[in-house]
Amino acid sequence: MPIYITYMKLTQKGAENIKEVQQRIAEGAQWIQAAGGRVIGAYATLGRYDYVYITEFRDTKSAWPVLVKAATRGTVSTETVEAIPIDEFVQIVAKA
């Protein structure tokens, strides 16, 4: 299954309600599971982004509903990228 890395930055609303983070994390995990995905890892980070999620979904279309729900909540802005295992990348490069 494809792997996605989502970088999240708190909005002003998210920062004002930071103490509700545990509830938001639980809701997000439910959305991911309901969409057929799974959380590989989730981290709070220092620097440009406040959180990083690494997830798996069947495909991009399965990931979209979760990203839309996160965006409409208004507590984080997100940037999501698809990642491939490095061994697959090496194989792709070898064929180029």
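Mentor: Start with burial. A residue counts as buried under 20% relative accessible area, and as exposed over 50%, with partly exposed in between. Keep in mind that this is a predicted model.

Trainee: Is Tyr49 buried or exposed?

Mentor: Tyr49 has 16% relative accessibility, so it counts as buried. Tyr7 has a relative accessible area of 25%, so it is partly exposed.

Trainee: How many aromatic pairs does a search of the whole structure find?

Mentor: The search finds 2. In one of them, the ring centres of Tyr7 and Tyr49 are 5.0 Å apart. Their planes meet at 35°, so the pair is tilted.

Trainee: Which parts does the pair of Tyr7 and Tyr49 tie together?

Mentor: Tyr7 sits in strand 1 (residues 3-10). Tyr49 is in the loop between strand 2 (38-44) and strand 3 (51-56). The pair therefore links parts that are 42 residues apart in sequence.

Trainee: What about Thr6: buried or exposed?

Mentor: Thr6 also lies in strand 1. Its relative accessibility is 6%, so it is buried. A polar contact of 3.0 Å joins its side chain to that of Thr80. Beyond its neighbours within four places in sequence, Thr6 is in contact with residues including Tyr51, Leu67 and Glu79.

Trainee: Which residues make up the largest nonpolar core?

Mentor: That core has 10 residues, among them Tyr4, Met8, Tyr53, Phe57 and Val76. Strand 1, strand 3 and helix 3 (60-73) each supply at least two of its residues. Leaving out residues up to four places away in sequence, Val76 touches Met8, Lys9, Leu10, Thr11 and Ala70.

Notes
Residues are numbered from 1 along each chain as its sequence is written. This is a predicted model: local features need pLDDT of at least 70, side-chain atom pairs count only at pLDDT 80 or more; totals for chains, interfaces and linings use all residues. Side-chain values use heavy atoms; hydrogens and water are left out. Rings of Phe, Tyr and Trp (its six-membered ring) pair if their centres lie within 6.5 Å; planes under 30 degrees apart count as stacked, over 60 as edge-to-face and the rest as tilted. Helices (H or I, at least four residues) and strands (E, at least two) are DSSP runs, numbered from the N terminus. Buried means under 20% relative accessible area, exposed over 50%, partly exposed in between (1.4 Å probe, protein chains only). A nonpolar core is a set of buried Ala, Val, Leu, Ile, Met, Phe, Trp, Tyr and Cys residues joined through side-chain atoms within 4.5 Å. Contact means heavy atoms within 4.5 Å. A polar contact is a pair of N or O atoms within 3.5 Å; within protein, one must be able to donate a hydrogen and the other to accept it, and residues adjacent in sequence count only if both atoms are side-chain atoms.
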